[in-house]
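Subject: Structure for you to look at

Hi,

Here is the structure I promised to pass on. Have a look at it first, and then read my notes below.

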Amino acid sequence: MDAIADKQSLKEWIDQLEDQAMLKNLSLLKRSTEGTDFWNDLPEEAHRAINQAKAEAKEAKGIPHEQVMKEMNERFSQ
């Protein structure tokens with residue numbers, strides 16, 4: 001099959017496709033070839049949480065990594 005026929009065949013297949021998971025995967029594949037950022041695919045809740053964490057880090061309001069690791073080790077080693 002030549003490239004033009006293959007392209008037409010893919011278009012027809014996509015037009016008839018009803019599998020939402022497959023359509024989402026194809027959309028992600030398309031975006032990945034366009035150089036888009038994964039940020040656009042994150043839910044709004046993730047955007048808010050990341051932006052809040054960045055703001056807290058900028059204002060030195062976060063918990064140091066060493067402290068978090070120590071607390072996690074203590075919590076999960078019991």
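Reading along the sequence, you go through the pattern α-α-α-α. That makes 4 helices and 0 strands in the chain, where helices (H or I, at least four residues) and strands (E, at least two) are DSSP runs numbered from the N terminus.

Before the rest, a word on where this comes from: it is a predicted model, in which local features need pLDDT of at least 70 and side-chain atom pairs count only at pLDDT 80 or more, while totals for chains, interfaces and linings use all residues. Residues are numbered from 1 along each chain as its sequence is written, and side-chain values use heavy atoms, with hydrogens and water left out.

Now the overall shape. The chain has a radius of gyration of 22 Å, whereas a compact globule of 78 residues would be near 12 Å; the radius is taken over C-alpha atoms, and the globule rule is 2.2 Å times the number of residues to the power 0.38. Along its principal axes, the C-alpha trace spans about 60 × 35 × 20 Å.

How much of the chain is buried? Of its 78 residues, 3% count as buried (under 20% relative accessible area; exposed is over 50%, partly exposed in between, with a 1.4 Å probe and protein chains only). The chain exposes about 7,200 Å², and carbon and sulfur atoms supply 55% of that (areas by the Shrake-Rupley method with a 1.4 Å probe; for residues, only the protein chains shown count as cover).

There is a nonpolar surface patch too: Leu-10, Trp-13, Ile-14 and Met-22 make one of about 350 Å². Patch residues have over 30% relative accessible area and no salt bridge, with nonpolar side chains (Val, Leu, Ile, Met, Phe, Trp, Tyr) joined within 5 Å and like charges within 9 Å; a salt bridge is a side-chain nitrogen of Lys or Arg within 4 Å of a carboxyl oxygen of Asp or Glu. Helix α1 (residues 3-16) gives the largest share, 3 residues. Ile-14 is in α1 and is partly exposed at 39%.

Last, two exposed spots. Ala-60 lies in the loop between α3 (44-58) and α4 (65-76), with a positive phi near 55 degrees although it is not glycine, and it is exposed at 68%. Gln-78 follows α4 and is exposed at 83%.

Cheers
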